[in-house]
Amino acid sequence: MEMVGHNTLVVLLGATALGLAAGMVGCFMVLRRRALVSDALSHATLPGIVTAFLTGLALGIDGRSLPLLLAGAAISGVIAVLTIQAIKRWTRLTEDAAIGAVLSVFFGAGVVLLSVVQELPAANAAGLKGFIFGQTAAMRSGEAMGLGALALVAAALIWLFFKEFRLLAFDEGFARAAGWPTGRIDLALMALVTLVTVVGLQTVGLVLIIALLITPAATARFWTDDLAAMLIIAGGVGAVSGGVGALLSSRFADLPAGAIIVLVATSLFFISLIIAPSRGLLGRSLRRARLRRALLARGITG
Amino acid sequence: MTLDAATFLSVDLPALLAALFACLSCALVGNFLVLRRQALMGDAISHAVLPGIVAGFLVAGTRDTVPMLAGALTAALVAGVMIELVRRLGRVEAGAAMGVVFTGLFALGVVLIEQGPARQIDLDADCVLYGQLEAILWLAPNGWSDLTDPALWATLPRQVVQLVAVFALCLVIILIFLKELTLVCFDPALADTLGLKSGLVQHGIVGLAALAAIAAFEAVGSILVIAMLICPAATARLYTDRMGTQLVVSLLVGGVTGLGGYALAAFGPSLLGYDMAVNAAGSIAVLAGVILGLSILLAPRYGVLARATGRAMRGAAA
């Protein structure tokens, strides 16, 4: 640790905590086949962020106050997710079309608002763009502690509602029939995903936070069929990606942290796709070869 | 803002034409993505082309269009193949497979942008997101009478010519293969038994979408590409069950949104008394969303209101 300066350490710990939180929470999105809802959610935060900024200006508060911006992000993200669900439920359009339409229209609205902000003489919009691509390297110790708290909250909520979340992830129909309040559990889960997305935005940006929610969870799925193990592995993959990515980017000036974090996660995904014993390529083809030999040995061919 | 003919012809007309044809190409091709429930392929493609564009620039060393478009097309193909491989070999659900692949490629693009030569020019991520509709200029015409001169039309900006050509190409391909495409969209099993390779047609659809997306990308940016691939087709879906009508309605919606969205962005604020223009690509996307939203509510047969009153009437009759 002698080699690592204070600033680097802060970024390292913050990115690790964010990876841990996003990896765990993302498991439920992937298992519920909702991976791309997080895509829509994160793109849809932009109009909320800019509206919050403009509201702040109008009210005379500093528009760049972080709680205000994050509240705006959360509100428009939630509206987007609810809109997708409403379109899916009330119209003949399928979920993919609903997600794509909502994602692009909300983001378009954000871009229009952003161009308004840039024309305002009083406004300093420099910080707002950081939300699109993230600014990991600019993390201060307060933010890192916020990310640490996020990881703790996520882990605690998952631990508390483990049974409920598991039911919802694997057999929603049964859960509803058995009298579980699936609507409310779903809402709690979406709240958790929104929280992670919104808090992670300014670290890795709104495109790459999607990767932290999807990739570690999809990676963990190759290694296990057990939810508890999957949560631990996904959290681990996320944390390692965050830590290694932040470290690499602090060593090499032209490696932007957010993108490197995602590339580490993507590499772990492809490595797992090939070597994971349970559902990886090698494991599966070894098992198939063994089965074939066993069948041939018994004289069953076909 | 006073609107004189020379400014309109050299600034707004080329941008309007670019917006119109970008929207028409994407709307046309988007029908098949929406009908095949592949709408998010458009999303994935438009994020995944980023590394290709930057790599094209890094290899060629100039901001020339051809290498960048070649890079984008390569990246789109790589993305398509990788998504398919991850789905098949890894048995990963389609949404997660797309998510993993396109975010990975996007991250790669962000890293490439930060490398030496790419940094020095304005190949920043902004133009990838928003496009440069406002930067397409046609300096030749000075007044309305100039438009009758055919020699002048030969000086149309390259982006506009390119978008018109891609739209024509997409239209021709789709008209030639309309029967096959319709069959694969509505009954892939029947298509397979008839000896039509639905998998091959599917690849063709994704390839066509990539072509339209990349041609439109440079002018209008990635958000507008996603909006235009999905919203007009989804809107048309609410009005009809026939393929022909679906295509015509989506083209109408695409065209109206392209022209209307640009006009709103360029002239709307000044009509309200503000001396500014807002981002045109974003405004077109928002208009597409408004039209889709109104259609969801008001469409005669499949709209929410029509369905609700239909239910109420059936209830009253019973």
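1. A salt bridge is a side-chain nitrogen of Lys or Arg within 4 Å of a carboxyl oxygen of Asp or Glu. The side chains of A:Glu172 and A:Arg176 meet this definition, with N and O 3.3 Å apart. Both residues belong to helix α9 (residues 172–177) of chain A and stand 4 residues apart, about one turn of the helix. Helices (H or I, at least four residues) and strands (E, at least two) are DSSP runs, numbered from the N terminus.

2. The structure is a predicted model, in which local features need pLDDT of at least 70 and side-chain atom pairs count only at pLDDT 80 or more, while totals for chains, interfaces and linings use all residues. Residues are numbered from 1 along each chain as its sequence is written, chains are lettered from A and ligands numbered from 1 in the order in which they are written, and side-chain values use heavy atoms, with hydrogens and water left out.

3. Over all chains, the whole structure holds 10 salt bridges. One of these joins A:Arg32 to A:Asp186, at 2.5 Å from N to O. A:Arg32 lies in the loop between α1 (6–31) and α2 (37–43) and A:Asp186 in helix α10 (residues 182–204) of chain A, so this pair ties together parts that are 154 residues apart in sequence. A:Asp186 also forms a salt bridge with A:Arg34, the closest N and O atoms being 3.4 Å apart.

4. Burial is described by relative accessible area: buried means under 20%, exposed over 50%, and partly exposed in between (1.4 Å probe, protein chains only). A:Arg32 and A:Asp186 are both buried, and A:Arg34 is buried as well. A:Glu172, in contrast, is partly exposed, with a relative accessible area of 28%.

5. Of the area that chain A buries against chain B, A:Arg92, A:Asp96 and A:Phe133 supply 15%, more than any other three residues. Buried area is the accessible area (1.4 Å probe) that two parts lose on being put together, summed over both.

6. The count of salt bridges between chain A and chain B is 1. B:Asp241 pairs with A:Arg92 in a salt bridge, the closest N and O atoms lying 2.7 Å apart.

7. A nonpolar surface patch of about 450 Å² is made by A:Trp223, A:Ile271, A:Ile274, A:Ile275 and A:Leu282. Patches consist of residues with over 30% relative accessible area and no salt bridge; like charges are joined within 9 Å, and nonpolar side chains (Val, Leu, Ile, Met, Phe, Trp, Tyr) within 5 Å. Accessible areas come from the Shrake-Rupley method with a 1.4 Å probe; for residues, only the protein chains shown count as cover. Helix α13 (residues 257–275) of chain A gives the most to the patch, with 3 residues. A:Ile271 is located in helix α13 and is partly exposed, with a relative accessible area of 45%.
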